[in-house]
Amino acid sequence: MRRIGLLILLFLLFFALFFGGSGDIDTASRLLPPSGGEPFGTDTLGRSLLERTAGGLGVSLYVASLTAFISVLAGVVLSFLYTLPSFPKEILLSISDSLKAVPSIVLALFFASVAGPGIIRLAVAISLSHIADVSRTSYFCTSALLNEGFVEAERSIGARRSRIFFRIILPHVLPYLAFQGVSVFLSAVIAESTLSYLGCGVEVPLPSLGAILSEARPVMLSAPWMVFFPAMILLLLGIALELIAFSFSDSYSSFKGSHKRKLVRITKISSYRKAGSKARK
């Protein structure tokens, strides 16, 4: 499934790179049906729907990639902060639990309205709407590892906190955060299109699949191609991401199954290091 999803995603990426654009306004060519010259037809301002659909797809992929990166980075930072004894983790977890009571798309709409239009601001707004899930994932993974014997062994031989986190804890936390990043990527595509549809997305004249669908509402019966092609691209993108997410879910499950065996091996290695350190003393 992952291979099929990656092939579809690669096709869509090439489509966005080679055909993407904002389109030139030509009111004399407005609402032309699909033809040889314009395979997707034109929109209400005579712009090429092919260029704008490909450009909107590129914007969605860029925003989703940036959102996933910010979410994983936030997870790494939170994981390190949770290892600090003086960090007020209870307060942050209480805030994240409160945010989980509100749907993520509503939070994204609120943050996007406050931050204003713009790709970077939109990505940050969508990331903040997922901070509750990222925070919980970071907390559970980190707190579970802090109680493992191999971490205690590293502490006993005087390893610094930064070394314990980046060399011992982080390699075990990253697979969980990567799985979280894939989920955020999929949600970000939907959120970006929804926010652009509502007028809180990217700045004009940047194209967006959601904005194209919003512009198509008044003419959807007389110009159905304005709805059909952007919706089909969104559907293909959703199918590709779902297939990739399912494959990551299988890898995530197998990782959890082998996680304890890896911890046992690392605990033995750390114990040997501890014994060697005592023998040298």
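Select helix H6 and colour its buried residues (under 20% relative accessible area, with a 1.4 Å probe and protein chains only): Ala132, Val134, Ser135, Arg136, Thr137, Ser138, Cys141, Thr142, Leu145 and Leu146. This is a predicted model, in which local features need pLDDT of at least 70 and side-chain atom pairs count only at pLDDT 80 or more, while totals for chains, interfaces and linings use all residues. Residues are numbered from 1 along each chain as its sequence is written, and side-chain values use heavy atoms, with hydrogens and water left out.

Show H6 whole, residues 131–146. Its 16 residues reach 22 Å from the first C-alpha to the last, close to the 22 Å expected at 1.5 Å a residue, that is, 1.5 Å times one less than the number of residues.

Now select the residues in contact (heavy atoms within 4.5 Å): Lys89, Leu92, Leu93, Ser96, Asp97 and Leu99 on H3, and Ile131, Ala132, Ser135, Arg136 and Tyr139 on H6. By type, this contact has 6 nonpolar, 2 polar and 3 charged residues.

Finish on Ser135, in helix H6. Why does Ser135 count as buried? Its relative accessibility is 2%. Beyond its neighbours within four places in sequence, Ser135 is in contact with Leu78, Tyr82, Leu92, Leu93 and Ser96.

Notes
Helix = DSSP H or I, 4+ residues; strand = E, 2+ residues; numbered from the N terminus. Buried < 20%, exposed > 50% of the residue type's maximum accessible area, 1.4 Å probe, protein only. Nonpolar A, V, L, I, M, F, W, Y, C, P; charged D, E, K, R; others polar.
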